[in-house]
Amino acid sequence: MQTTQRLLFVENLKKYYPLPKKRVFSREKRFLRANDGITLDIRRGETFGLVGESGSGKSTFGRAILQLDPPTHGNVRYYGGDGTERELTTCKEREMRALRQKLQIIFQDPYSSLNPRMTVGNIIGEGVWTHGIYSRGSNALNEYVLGVMDACGLQKHHLNRYPHEFSGGQRQRICIARALALNPEFVVCDECVSALDVSVQAQILNLLAELKEKRSLTYLFISHDLSVVRHVSDRIAVMYLGRIVETGETEQVFNNPKHPYTIALMSAIPSIGKQGGKRILLDGQLPSAVSPPTGCPFHTRCFMARDICVHKGVTLQEVGEGHFASCHFAETSVKEKRAKAFENE
């Protein structure tokens, strides 16, 4: 793939949170390994889906690449539409502040991510005048904000109302309008429909797709809902315990999953008729990110686990064109893996 096709390239990103010592005089340093060596690229104009169960590090990754919560280690290269290349992890605060015009985020909770003391017009317009696009309080700013609101399905009479006066779906539209008011190139959608009713989810997803087409946006779409991710994404990555265990084109991964964890996730998708298969129930809980398992991090819950999985780690290996999985048994067929998952029942 040519570098010019990239929007972001993330290399060996790690995000560790220091933890208190178990004992006062202990020399042991303890960390929660939220992200543990993630490498992937996001291409201009695509929707890249990131899936995994709660606690796997998805939201942390989204914040880390935007430097909202700077990574402990690794590189995040941003390839701007003007041909410039920037290493975000080395940018000073002033440089990063300017770049945030092009790199935006829609947060998960539309209730807590809006300032209850600000009107909708001020919420959407704050970033616009902060970046000097229009002067604060000017008629030009007001007209611009109204245009953004209209594009996001908000009415003119919403301009001077407060967040508590809106439903969850309308609040999420306000969050989307706030992010898109700066004409960004890249938007992190962090579980942005998970708190909404199913009917409202469909409206927001359709809005995001329409805005992407009109504004040539690139999305990192973070979710635990596989059906939604399949619907909106061009490529996906599956995350487990802070690591990417499988990545590839969306239909490629859904039709021919290679990692046992991906197969187990796919089995949980509700389906009707002959297409429905028996659900694979994984043993145990997600291991602690403070002291992750040796070898393959999934071996404690994996139905394919062998001695090699306990003692030898595995990195992403290509199992098809553009399709990668980190499993010692990646070449084993899906049918054989599913049979293995149920043989002890």
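Good morning. A crossing of two helices is called right-handed if the near helix is turned clockwise from the far one by less than a right angle. With that term in hand, I turn to this structure, which is a predicted model.

I begin with helices H3 and H4. Their crossing is right-handed. H3 covers residues 120-130 and H4 residues 139-151; the two pack at about 110°, and their axes are 10 Å apart. Because angles of 65 to 115 degrees count as roughly perpendicular, H3 is roughly perpendicular to H4. On the H3 side, the contact is formed by Val 120, Gly 121, Ile 124, Gly 125, Val 128 and Trp 129, and on the H4 side by Leu 141, Tyr 144, Val 145, Val 148 and Met 149. In terms of class, nine of these residues are nonpolar, two are polar and none is charged.

The second pair is H5, residues 168-180, and H6, residues 198-215, whose axes cross at roughly 15° and come within 10 Å. These two helices are therefore roughly parallel to each other. Their crossing, too, is right-handed. Residues of H5 including Ile 176 meet residues of H6 including Leu 208 and Leu 211. This contact comprises seven nonpolar, three polar and two charged residues.

Finally, the cores. In the largest nonpolar core, of 64 residues, those with the most contacts inside it include Ile 124, Met 149, Ile 176, Leu 208 and Leu 211. Apart from this core lies another, of 28 residues, with Ile 38, Val 76, Met 96 and Phe 186 among them. In soluble globular proteins, nonpolar side chains tend to be buried together. Thank you.

Terms used: Residues are numbered from 1 along each chain as its sequence is written. This is a predicted model: local features need pLDDT of at least 70, side-chain atom pairs count only at pLDDT 80 or more; totals for chains, interfaces and linings use all residues. Side-chain values use heavy atoms; hydrogens and water are left out. A nonpolar core is a set of buried Ala, Val, Leu, Ile, Met, Phe, Trp, Tyr and Cys residues joined through side-chain atoms within 4.5 Å. Buried means under 20% relative accessible area, exposed over 50%, partly exposed in between (1.4 Å probe, protein chains only). Axes are lines fitted to C-alpha atoms, for helices over the stretch in contact, and angles run from 0 to 180 degrees between N-to-C directions. Helices (H or I, at least four residues) and strands (E, at least two) are DSSP runs, numbered from the N terminus. Angles under 35 degrees count as roughly parallel, over 145 as roughly antiparallel, 65 to 115 as roughly perpendicular and the rest as oblique. Contact means heavy atoms within 4.5 Å. Ala, Val, Leu, Ile, Met, Phe, Trp, Tyr, Cys and Pro count as nonpolar, Asp, Glu, Lys and Arg as charged, and the others, Gly among them, as polar.
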